[in-house]
Amino acid sequence: MRKTSIIKRAIIRHIEQKEGVFLRAVVTRVKEASVRIDGIICGQICAGYLILLGIAPKDTDADAVHLAEKIVHLRIFSDERGKMNRSLAEVNGRVLVVSQFTLFADLKKRRPSFSKAAKPDHASLLYEKFMKQLTERGVHVEHGEFGADMQVFSINDGPVTLIFDTAEV
């Protein structure tokens, strides 16, 4: 009985330490996607992933590395039998990354609060780190402009959309 309570306390402590501390990504398999700023395309891909990336204040470089590794090896492209069994590399897929602080919206009130999102100076560094990690793993990366007002266009494939929180994966 004592051992069980020790384990429970350790789990609770781990959850409390990690609570609110994670990169959040919405990954959509797309046939094509693009991002525009002032009507000008600044990033465009054919088949691959559109990734909306949100960053929390306590996120670290290790979180960016971990998330990039998970996404690169994710097998959600169809094989010859129609099963989701192929990774981004296996289909020569590309990635379009768009910063998205609104993924950390607090919706308790009618007007969302974004206080759970990282400040721009911290978030922009991890945004760049995440994209660099994808590139270092052989992925062609296109992106929006951090902090800009952007219009994102996509043709979803499937649709297949997954939500990643590095605290959970």
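The model is predicted, so local features require a pLDDT of at least 70 and side-chain atom pairs a pLDDT of 80 or more, whereas totals for chains, interfaces and linings draw on all residues. Residues are numbered from 1 along each chain as its sequence is written, and side-chain values use heavy atoms, with hydrogens and water left out.

The protein chain contains 3 helices and 8 strands, these being DSSP runs numbered from the N terminus (helices: H or I, at least four residues; strands: E, at least two). Their order from the N terminus is α-β-β-β-α-β-β-β-α-β-β. Of the 169 residues in the protein chain, 38% are buried (buried means under 20% relative accessible area, exposed over 50%, and partly exposed in between, with a 1.4 Å probe and protein chains only). Among contacts with a separation of 6 or more, 73% are between residues 24 or more positions apart, a contact being heavy atoms within 4.5 Å. The accessible surface of the protein chain is about 10,400 Å², and 53% of this belongs to carbon and sulfur atoms (Shrake-Rupley method with a 1.4 Å probe; for residues, only the protein chains shown count as cover).

The mean pLDDT of the protein chain is 88, and 87% of the residues score at least 70; pLDDT is the predictor's confidence in each residue, from 0 to 100. Confidence is lowest in helix H1 (residues 2–18), with a mean of 54, and highest in S7, at 98.

Helix H3 spans residues 120–136, and its 17 residues reach 24 Å from first to last C-alpha, close to the 24 Å expected at 1.5 Å a residue (the expected span is 1.5 Å times one less than the number of residues). Ala123, Leu126, Tyr127, Phe130, Met131, Gln133 and Leu134 are the buried residues of H3. Seen down the axis of H3, these residues fall within an arc of 155°, so they line one face of the helix; the arc is that of the directions from the helix axis to the C-beta atoms. Strand S3 (48–54), helix H2 (61–72), strand S6 (94–99) and strand S7 (140–143) pack against the buried residues of H3. On the face turned away from the buried side are the exposed residues Asp121, Leu125 and Glu136. Just after H3, Gly138 has a positive phi of about 85°.

Most residues other than glycine have a negative phi, and most peptide bonds are trans. Asp38, in the loop between strand S1 (24–37) and strand S2 (40–45), has a positive phi near 50° and is exposed at 71% relative accessibility. Asn92, in the loop between strand S5 (84–87) and S6, has a positive phi of about 55° and is exposed at 66% relative accessibility. A cis peptide bond, with omega about 0°, joins Gly158 and Pro159; Pro159 lies in strand S8 (residues 151–165).

The structure holds 3 aromatic pairs (rings of Phe, Tyr and Trp, the last by its six-membered ring, with centres within 6.5 Å; planes under 30 degrees apart are stacked, over 60 edge-to-face and the rest tilted). One of them is the edge-to-face pair of Phe101 and Phe114, at 5.0 Å centre to centre and 80° between the planes. Phe101 is partly exposed at 49% relative accessibility, and Phe114 is partly exposed at 30%. The ring centres of Tyr127 and Phe146 are 5.6 Å apart with planes at 50°, so this pair is tilted.
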